[in-house]
Amino acid sequence: MKVVGICGSPKKENSTTLFGLEKAMQAVKGCGVDTEIVQLSHHSFSGCIDCGKCREEYTCSLNDDFTNKIMPLLKGDEIKGLILGSPVYFGGVSSQMKMFIDRCVLFRRNGFRFENLIAGVLTVGRSRNGGQELTAMDLVKNAMIQGMTVVSDASPTSHFGGVFWSGNPGGVEQDETGIKTAQNLGKRVGELVIKVFG
Ligand SMILES: Cc1cc2nc3c(=O)[nH]c(=O)nc-3n(C[C@H](O)[C@H](O)[C@H](O)COP(=O)(O)O)c2cc1C
């Protein structure tokens with residue numbers, strides 16, 4: 001059983017979203033579930049072009065890293081959950097995350113392959129109240145449209161998943177509250193994967 005973390009930052013290095021996602025994934029691992037992180041910045045792919053190919057076949061017409069690398073990973077039977085992490089861009093997800101979300105339509109159109117998988121979301125914004133929760137809801141909407149079971153970061157923090165403030169004086173590394181939400185989220189996702197699929 002494996003949970004995949006998707007990092008929607010365009011940065012190849014020093015991504016604050018990746019920092020947060022790693023905290024969540026360590027907690028998933030602590031539950032005895034395998035993990036893998038996909039940094040979208042390490043892949044070259046575009047948005048969905050609505051060609052309709054995935055209505056006919058369980059594949060995508062675009063010849064890029066999403067089709068050749070990300071899609072095969074997510075098709076795996078061992079995948080039981082996803083944690084979607086995005087920086088806040090103008091109060092919503094990054095364009096990399098949006099492209100990922102749209103390209104995942106093929107999983108919906110081919111028998112709702114993500115249905116019942118466990119989903120968690122994580123967001124990082126530079127402003128204290130810069131739209132982290134709106135962005136979290138953006139990601140939650142996507143997971144719901146895919147039929148996934150979306151979980152919160154659970155008690156005692158229990159709100160909208162991992163929520164970080166990268167502009168705080170010590171950076172994300174010292175965002176103790178954010179780190180707690182990410183760890184609680186990962187624990188919740190890991191525990192539920194075991195309860196549902198173990
Ligand atoms: C185009 C753009 C738009 C942004 N919009 C917001 C925003 O609306 N709210 C906010 O708090 N931060 C915003 N930020 C800041 C990023 O969310 C923040 O720096 C975050 O930590 C970046 O994550 P990363 O290091 O993983 O790329 C924006 C940054 C960019 C480049």
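Predicted model: local features only at pLDDT ≥ 70, side-chain atom pairs only at ≥ 80, totals over all residues.
Local features require pLDDT of at least 70 and side-chain atom pairs pLDDT 80 or more, while totals for chains, interfaces and linings use all residues. Residues are numbered from 1 along each chain as its sequence is written, and side-chain values use heavy atoms, without hydrogens and water.

**Exercise 1.** Describe the lining of the largest pocket.

*Solution.* A pocket is an open set of points on a 1 Å grid over the protein atoms alone, where a 1.4 Å probe fits, with protein on both sides within 12 Å along at least five of seven lines; lining residues have an atom within 4 Å of a point.
- Step 1: the lining comprises 17 residues, and Arg128, Glu133, Val163, Thr177 and Thr181 lie nearest the centre.
- Step 2: two or more residues come from each of helix 6 (132–145), strand 6 (162–165) and helix 7 (176–197). Helices (H or I, at least four residues) and strands (E, at least two) are DSSP runs, numbered from the N terminus.

**Exercise 2.** Determine which helix gives the most to the lining of the second largest pocket.

*Solution.* 
- Step 1: helix 4 (95–103), helix 5 (105–109) and helix 6 each supply at least two lining residues.
- Step 2: helix 6 gives the most, with four residues.

**Exercise 3.** Identify the elements against which the buried residues of helix 7 pack.

*Solution.* 
- Step 1: the buried residues (under 20% relative accessible area, 1.4 Å probe, protein chains only) include Gly178, Thr181, Leu185 and Val189.
- Step 2: these buried residues of helix 7 pack against elements including strand 1 (2–7), helix 1 (16–30), strand 3 (79–87) and strand 6.

How values were computed
Buried < 20%, exposed > 50% of the residue type's maximum accessible area, 1.4 Å probe, protein only. Contact = heavy atoms within 4.5 Å.
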